[in-house]
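Hello,

Here is the structure we talked about handing over. Please have a look, then read my notes below.

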Amino acid sequence: MEHPGTVTAVKPGFVTVQITSVSACASCQAHSKCGFAESKTKTLDIPTTDSELKVGDPVTVTIDHSRGLAATWWAYVLPAILLIAVIVGLSLTGLSELLVVLFTFATLGLYILILYLFRKKLDSKFTLTVSKC
C-alpha cells in the first residue's frame, strides 16, 4: 500500500511526512455535488536513514501489504469479533441489557489497554518506509 506525501520536517533518524487520505468516492466525477467525498490530512513520523530528504520533497509512504492486513486485523476485525462475542455470550446468560453494555465497554477498554501496553512491540511490526519520488 502506497500513499504520496510531502516531507514537512527532517529530524535525525526521522522525517515527518504529510499525506492526504482520500475516500474511494473522492475520485468520482460527481464527488463535489454529492458531498460524501472526504479527505483527511495526516502527519506521520517515519524512521529513515535517507539523509538526502529535505522539507518539501515529494515522497511515497509504503507499508508491506501483509503488514497492512495485519494492522487491519488488530484495529478493526479482532475488536469487532470480540465485542460481538461478548454481547451474544452475555445476552444468552440472561443478564440485563445495562450489564451487557457495561461489560462490553469494559471489554473494549481492556482490549485498548492491552494494545497500549504492547504498543512498542506492535510499532516494530508495522513499520512504514519512505522513498523519494
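I start with the second largest pocket. Its lining has seven nonpolar residues, two charged ones and no polar ones. The volume is about 160 Å³. Lining this pocket are Trp74, Tyr111, Ile114, Leu115, Phe118, Lys121, Leu122, Lys125 and Phe126. Helix H3 (97–117) and H4 each give two or more residues to that lining. Please keep in mind that this is a predicted model.

Now the largest pocket. It holds about 880 Å³ of space. A total of 25 residues line it, and Leu44, Ile63, Ala71, Phe126 and Leu128 are the closest to its centre. Strands S2 (14–22), S3 (39–47) and S4 (58–62) each supply two or more lining residues, as do helices H2 (65–92) and H4 (119–125). H2 gives the most, with six residues. By class, the lining of the largest pocket splits into 15 nonpolar, seven polar and three charged residues.

Is Threonine 60 buried or exposed? Its relative accessible area is 17%, so it counts as buried, the cut-off being under 20%. Leaving aside residues up to four places away in sequence, Threonine 60 touches Glu2, His3, Thr129, Val130, Ser131 and Cys133.

Best wishes

Conventions:
Residues are numbered from 1 along each chain as its sequence is written. This is a predicted model: local features need pLDDT of at least 70, side-chain atom pairs count only at pLDDT 80 or more; totals for chains, interfaces and linings use all residues. Side-chain values use heavy atoms; hydrogens and water are left out. On a 1 Å grid over the protein atoms alone, a cavity is a set of points where a 1.4 Å probe fits but cannot get out, and a pocket is an open set with protein on both sides within 12 Å along at least five of seven lines; lining residues have an atom within 4 Å of a point. Grid points are joined across faces, edges and corners, and a volume is the space filled by probe spheres set on the points. Helices (H or I, at least four residues) and strands (E, at least two) are DSSP runs, numbered from the N terminus. Ala, Val, Leu, Ile, Met, Phe, Trp, Tyr, Cys and Pro count as nonpolar, Asp, Glu, Lys and Arg as charged, and the others, Gly among them, as polar. Buried means under 20% relative accessible area, exposed over 50%, partly exposed in between (1.4 Å probe, protein chains only). Contact means heavy atoms within 4.5 Å.
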